[in-house]
Amino acid sequence: MSIGFVLPSASRENKEVDVAIIGAGPAGLSAGIYAIRAGMSAIIIDKGNAGGLAEEAPFVENYLGFEGIEGEKLAKLFKEHAMKYVEISERNEVRDIIMENGKFVLKAEKGEYTAKAIIFATGTTHKTIGVPGEKELFGKGVSYCVTCDGYFYRGKRVAVIGGGNSGAIAAIYLKDLGVEPVVLEYMPTYMCEKAYQDIIKEKGIKYITNAMVTEIAGENKVEKVVYKDRTSGEIKEEKVDGVFIYVGLIPISELAKKIGVDTDNRGYIKVSPKMRTNVPMVYAAGDVTGIAGQIIIAAGQGAMAALTAYEDLMLR
Amino acid sequence: MGYIGDKDKEYLKGEFDKYLKEKVMLLVFTGDNCQYCNVATALGQEVAELHDAIEFHEYPVNGEEAKKYGVEHAPTVVITDGDKYGGRIRYVGLPSGYEFSSMIEDIIDVSRRTAEVSDEVKMQLQMIDKPVRIQVFVTPTCPYCPRAVRTAHRFAILNENIIGEMVEAMEFPEWANKWNVMSVPHILINEDVQFIGAYPDEQYIKYVVEAWKKMK
């Protein structure tokens, strides 16, 4: 077990700022640093911990300057860096946004925040796969977070559904914990980066392609995953004690939509190259824009959004 | 060398200076054959040293004080005013990783003698007139867990019939197994009503009220 310490930060006062940043993942934290350094006042508000989904990444090997670092550690570094500049209010969910006297009023759990501009860095959440058994067995073997629940399966066998980068990293993490993972990928080939393919092969992790999962089955707890082999049409199964689902992400854009921000048909916020949305003084950055789902890109977009907000607010 | 780094200490000191008001007691209950008891004690001491308002005590888990605070496992960390909060705001197992931040926030709320919830939730909390025990099973690497722990603790701060207890599932695997904990946060109320996930207060309180109603 780890004896690391994550520090809290919890603003309790109502505030008036130039820019309110919703979401404290890599995009929001980076936006916060750039906003303050540019000379604006800002606050970052997050319904959970600072760090975003990066916190859940067991290992990150493609962030510049870090050959390999746990997502949790990288998120902590981001947060501590941002905390030097900007106030981060954690576990503070923004529930509603209204317009008042030409400004945005963010109604959150811990207070009200008035802002001239908003940056949505609200990120994404895990997608469900929608097969029988997934909902029924959630918490009884079905999970979406290996760093949270991987421990419970030490010495056991689990399926990782989805063989993209997230699924591949999850499988590698599980293997290192002493769990025996088997990856089920829908597409005919490896869907993760070559670097992960190599580790998967080296560690002897079973990676099944062309597998269309049709059911997660078990009595009161997960016992097996049933899938259709897309090449032969044959119905097959893997006996497992747990299932970790990594089949993609869905954007958290409801609040943005509510104030008239345009999204694409999947719900990702549409942005210009400078991170403007269709609503004046409203910007978006990071995974909620659906561009690449990469930490380094989110951080870059956050910086861009803050610089554009500065341009629109201060240089006009 | 201590467990908390100098930089982190400096930050925590600043937070405590800003927010601490009245005295807070940080109690660590320890026992024999306890893998993380030494760490819990050292950690408690290090945190208490950061501000005068925090008072640290270590007690044996089989002693009088443990009985007084309703503590049965080691290590258990209790954050209290020594009076009306009793042993109701507690951590069974080491509050490390993400839970360290929960503990710091608890210290601040206990010192302020209050916690934030919406008026709607406050009204529902006022109904709870019988003892309700909320247990939150966590792992230290679960980023969603502190929210669930803090909700239980905020409810405990606001209602003296509520006990909010974090249970570290890795340190107490048999306990976690007993309740089939396979995903965290796993919330167990009165050893009866259960749910999984870090829900907002408004949903969380519904489960608490459900458990309370079943007692009638």
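Biologist: How far apart are the sulfur atoms of A:C145 and A:C148?
Modeller: This is a predicted model, so the value is computed from its atoms. A disulfide needs two cysteine sulfur atoms within 2.5 Å. A:C145 and A:C148 form one, and their sulfur atoms are apart by 2.3 Å.

Biologist: Which handedness does the link of A:C145 and A:C148 have?
Modeller: Both cysteines, A:C145 and A:C148, are buried. The angle about their S-S bond is 70 degrees. That link is right-handed.

Biologist: How many disulfides does the structure hold over all chains?
Modeller: Chain A has the link of A:C145 and A:C148. In chain B, one disulfide joins B:C34 to B:C37. Another is formed by B:C142 and B:C145, with sulfur atoms 2.3 Å apart. Over all chains the number is 3.

Biologist: Is B:C34 buried or exposed?
Modeller: The sulfur of B:C34 sits 1.9 Å from that of B:C37. B:C37 has 3% relative accessibility, so it counts as buried. For B:C34 the figure is 18%, and the cut-off for burial is under 20%. B:C34 therefore counts as buried.

Biologist: What is the pairing of the bonded cysteines of chain B, numbered in sequence order?
Modeller: B:C34 bonds with B:C37, in a right-handed link with 90 degrees about the S-S bond. B:C142 bonds with B:C145, also right-handed, with 95 degrees. Both B:C142 and B:C145 are buried. In sequence order the pairing is 1-2, 3-4.

Biologist: A:C192 is in no disulfide; how far away is the nearest cysteine sulfur?
Modeller: A:C192 is buried, because its relative accessible area is 6%. Its nearest cysteine sulfur belongs to A:C145. A disulfide would need the sulfur atoms within 2.5 Å. The sulfur of A:C145 is away by 20 Å.

Biologist: What is the area buried between chain A and chain B?
Modeller: In this interface, 42 residues of chain A are in contact with 44 residues of chain B. Carbon and sulfur atoms give 58% of the buried area. The total is about 3,800 Å².

Biologist: How many salt bridges does the rule find across the interface of chain A and chain B?
Modeller: One cross-chain example is B:D8 with A:K76, at 3.6 Å from N to O. The cut-off is 4 Å, so that pair passes. Across the interface the rule finds 5.

Biologist: Which element gives the most to the side of chain A that touches chain B?
Modeller: Between the two chains, 12 residue pairs are in polar contact. On the chain A side, the elements that give two or more residues are α2 (71–83), β8 (142–143) and α3 (146–149). The one giving the most, with 4 residues, is α2(A).

Biologist: Is A:R266 buried or exposed?
Modeller: A:R266 meets A:D264 in a salt bridge, at 3.8 Å from N to O. A:D264 counts as partly exposed, because its relative accessibility is 24%. For A:R266 the relative accessible area is 55%, over the 50% cut-off. A:R266 is therefore exposed.

Biologist: In which helix do B:D109 and B:R112 lie?
Modeller: Their side chains meet in a salt bridge, 2.5 Å from N to O. B:D109 is buried at 0% relative accessible area, and B:R112 counts as buried at 16%. The two are 3 residues apart, about one turn, and both lie in chain B helix α4 (residues 98–112).

Biologist: Which residues are linked with B:D109 and B:R112 in a network of salt bridges?
Modeller: Side chains of opposite charge can pair when their charged atoms come close. Here the network takes in residues of both chains. Linked with B:D109 and B:R112 are A:R91, B:E105, B:D106, B:E116 and B:R150.

Biologist: How many residues apart are B:R133 and B:E165?
Modeller: B:R133 forms a salt bridge with B:E165, with the closest N and O atoms 3.0 Å apart. The pair links distant parts of the chain: B:R133 is in strand β5 and B:E165 in strand β6, and the separation in residues is 32.

How values were computed. Residues are numbered from 1 along each chain as its sequence is written. Chains are lettered from A and ligands numbered from 1 in the order in which they are written. This is a predicted model: local features need pLDDT of at least 70, side-chain atom pairs count only at pLDDT 80 or more; totals for chains, interfaces and linings use all residues. Side-chain values use heavy atoms; hydrogens and water are left out. Buried means under 20% relative accessible area, exposed over 50%, partly exposed in between (1.4 Å probe, protein chains only). Contact means heavy atoms within 4.5 Å. Buried area is the accessible area (1.4 Å probe) that two parts lose on being put together, summed over both. A polar contact is a pair of N or O atoms within 3.5 Å; within protein, one must be able to donate a hydrogen and the other to accept it, and residues adjacent in sequence count only if both atoms are side-chain atoms.
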